[in-house]
Amino acid sequence: MTDEVIIEATEDAVQRQYVYIEKVKEITAEQTSREGRQPTYDVRVFGCQMNEHDAEKIIGMLEEMGYSKASAGEQADVIVFETCCVRENAEEKIYGHLGILKPSEGDKRSIVAVTGCMMQQPQVVEKIKKSYRHVNIVFGTHNLHLFPELLYRYMSEGRRVFDIWDAGSQVVEGTPITRTEKVKAWVNIMLGCNNFCSYCIVPHVRGRERSRNKTDILEEVKRLAQGGYKEITLLGQNVNSYGNDLGLKDAFAELLYALNAIDGIERIRFMTSHPKDLSDSLIQAMKELPKLCEHLHLPFQSGSSKVLKDMNRKYTKEQYLQLIDKVREVIPDIAFTTDIIVGFPGESEEDFQDTLDVVKRVRFDMAYTFLYSKRTGTKAAEFSNQIPEKVKKERFQRLVETQNAIGAELNLKHEGLTEEVLVEGKSRHSDAMYTGRTREYKLVNFTCDEDLTGQLARVKIIRAWPFWLEGTAEPHQ
Ligand code: SAH
Ligand code: SF4
Ligand code: F3S
């Protein structure tokens with residue numbers, strides 16, 4: 001897994017895919033007339049928003065090639081796994097799902113393709129080669145755009161296809177995309193990560209930071225606005241360093257100003273911000289730009305300055321708390337969410353108390369909490385002072401209880417208030433309710449006399465639950 005060779009993802013390579021899309025389309029058209037039904041796909045996503053977004057590209061390519069979405073319970077003609085390896089349990093889950101797929105006699109054969117972060121690890125690819133022989137196509141995060149070519153190669157040659165690139169290619173533009181949502185959309189602004197936090201596999205499997213050109217991003221968002229999208233979430237492992245690789249300074253804040261000016265887009269979000277790079281110009285932009293939501297996801301990982309140093313996070317507990325204060329001074333009502341790791345190698349009870357202290361002092365609206373998971377290839381995997389599972393779990397339990405109580409208390413403050421909610425559609429829990437989020441990213445389920453999907457509604461909060469708010473829409477003007 002070196003990053004020494006930079007393979008250019010030339011425009012040619014992208015253009016070539018349209019030729020392969022046509023070739024596969026001929027095959028699917030023939031299959032449709034022979035079987036009297038359109039062949040189907042099933043794309044299964046594990047992992048973060050980056051993977052959700054990559055899956056939208058896989059689906060975009062599959063639909064261009066003549067496949068339609070399989071109905072629930074149906075075995076699809078093409079099954080694609082978009083994998084994650086950030087923690088061991090993510091990998092185990094995926095192996096489990098892949099195992100279940102093994103075709104038994106008489107079963108209809110599907111084409112099984114596996115891609116995503118997990119495939120960037122050579123030991124995983126070896127295991128798939130040997131023990132998961134029903135997997136037909138394997139490709140990685142850097143050559144996702146070649147999927148039509150790889151699929152056609154498998155279809156025409158009938159031999160298993162393995163194509164994984166070690167290096168991060170240039171940013172690829174022009175891949176077809178089918179968005180899974182109609183109201184809000186993910187927009188990648190950069191790929192990869194340069195930070196090498198000692199526990200994290202992401203830089204090893206997603207390569208170095210590569211920013212998209214501002215003009216490409218603006219074009220994409222303008223098209224989204226024309227398509228009726230109201231909210232965008234800008235994606236990157238560390239959006240605060242957007243543009244650094246292009247030799248630009250303060251480019252993220254500038255990008256936000258340009259995006260704020262696009263008519264039709266009502267809300268802008270972004271993730272993830274690394275505390276070490278959160279600039280004053282970004283805080284200023286959050287204050288000045290009306291479309292930037294009052295929510296900041298700012299992972300702190302650990303409250304102990306010693307652990308933070310071992311994690312290679314490049315800030316201390318005090319610096320993190322000061323940063324929170326600085327943001328709150330400028331934007332008093334902002335909601336903070338965070339990521340926390342429990343049981344990093346060498347974490348003492350005292351270190352853990354520092355984590356609890358940060359949780360209590362900041363009062364996050366929500367926290368994603370993780371048990372430290374040893375990842376082969378990362379620096380922390382070699383640390384000798386790993387924490388026993390039992391200790392990790394016990395601390396995890398205390399952390400979750402502390403955070404949940406705070407989150408529930410903060411939700412209670414919303415009772416009786418009227419909030420702006422971007423309506424995403426019917427609630428999954430009840431057909432009688434609609435669902436959406438406030439600017440602070442609070443989930444709201446509410447009753448409403450009319451279907452306001454895609455619009456901003458005024459919703460009176462009548463009850464706060466620990467993880468969501470219940471409301472009723474005010475009459476629409
Ligand atoms: N780039 C983002 C998120 C990366 S992965 C960031 O820097 O914030 C999402 C989260 O997974 C991380 O914030 C971290 O809390 C968690 N994570 C990453 N590697 C992990 C590991 N080895 N064990 C447990 N949690 C981990
Ligand atoms: Fe991983 Fe750290 Fe990069 Fe986030 S910033 S992706 S945690 S290495
Ligand atoms: Fe995301 Fe998992 Fe990859 S968290 S970047 S899908 S390793």
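The text below goes from the domains to the ligands.

This is a predicted model, in which local features need pLDDT of at least 70, side-chain atom pairs count only at pLDDT 80 or more, and totals for chains, interfaces and linings use all residues. Residues are numbered from 1 along each chain as its sequence is written, chains are lettered from A and ligands numbered from 1 in the order in which they are written, and side-chain values use heavy atoms, with hydrogens and water left out.

The chain is divided into domain 1 (4-163) and domain 2 (418-473). The bounds come from an automatic or database domain assignment. The C-alpha centres of the two domains lie 36 Å apart.

Turn to ligand 1. There are 15 residues around ligand 1, and R87, Q237, Q301, D339 and S373 come nearest. Here, a residue is near if one of its heavy atoms lies within 4 Å. Polar contacts (pairs of N or O atoms within 3.5 Å) come next. A polar side-chain atom of D339 lies 2.6 Å from a ligand 1 oxygen. For the side chain of Q301, the distance to an oxygen atom of ligand 1 is 2.7 Å. For the side chain of R87, it is 3.0 Å. The protein buries 89% of the 540 Å² that ligand 1 exposes when taken alone (Shrake-Rupley method, 1.4 Å probe).

Now ligand 2. Its surroundings include C193, C197, C200, H274 and R313. Q237 is also among the residues around ligand 2.

Definitions and conventions
A polar contact is a pair of N or O atoms within 3.5 Å; within protein, one must be able to donate a hydrogen and the other to accept it, and residues adjacent in sequence count only if both atoms are side-chain atoms.
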